[in-house]
Amino acid sequence: MKKIIMALSVFLCLIFGSVQVKAQDNSLDAMNINVYIDKEGDAHIIEVWHMDVYEGTAVYKVMENMGDSNITHLEVMDEDGLVYTNIGEWNVDASFEEKRGKCGLVQDDDYYEICFGISEYGEKVYTFEYDVSNFIKQYNDYQGCKFAFFSELSLDVNEAKVTISSYFDLDEDSAFVDTFGYDF
């Protein structure tokens, strides 16, 4: 009987001992971006990020080479309806508690980071919106925008959708889209 119990114990240890436990990492499961371009060429952008957040103090999005465009009117809300307080200039060195329920911008010339504090770890849905001035630029032969919706993300995006609408009619004859290597 002892041999059977010992064999069963060894068998159970082998089965349960071989199960790998992985520490949870932050992930960006889905990103939905809606852009509305007004008649002045400015954009109002709403992003919804479905995330699993298990470490860190803040979520951020980097936007570089913005030229003469500025980001304004940042608002952030989570899945519980918590509306974050916009503190203006973001302090990257602040603590978890100091960042909780707050959002802001890091700006250096034409470089921006949209930042907001992680209020709690787990499955989160963040909705943030902001305006981008001079979204549409006048070039020598056409008007257009050059905007990187996915630049410098520290997380892989499992699923992304970008929807652009405008005060002006957009169709295949009046608009050209280049995804720079991404399929759509």
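The model is predicted, so local features need pLDDT of at least 70 and side-chain atom pairs count only at pLDDT 80 or more, while totals for chains, interfaces and linings use all residues. Residues are numbered from 1 along each chain as its sequence is written, and side-chain values use heavy atoms, with hydrogens and water left out.

The protein chain has two helices and eleven strands; these are DSSP runs numbered from the N terminus, helices being H or I with at least four residues and strands E with at least two. From the N terminus, the order is α-β-β-β-β-β-α-β-β-β-β-β-β. Of the 184 residues, 29% are buried, meaning under 20% relative accessible area with a 1.4 Å probe, protein chains only.

Four strands form an open sheet in the order 3-7-6-5, with mixed pairing; two strands pair if DSSP finds at least two bridges between them. Strand 3 (58–63) and strand 5 (85–89) are at the edges with a single partner strand each, so one side of each has no neighbour in the sheet. Strand 5 runs parallel to strand 6 (residues 102–108), and three bridges join the two. Asparagine 86 stands opposite cysteine 103 in strand 6.

Last, lysine 124, in strand 8 (residues 122–132). Is lysine 124 buried or exposed? Lysine 124 counts as buried because its relative accessibility is 2%. Its side chain makes a polar contact, at 3.0 Å, with the side chain of glutamate 79. A polar contact is a pair of N or O atoms within 3.5 Å; within protein, one must be able to donate a hydrogen and the other to accept it, and residues adjacent in sequence count only if both atoms are side-chain atoms.

Conventions: Buried < 20%, exposed > 50% of the residue type's maximum accessible area, 1.4 Å probe, protein only.
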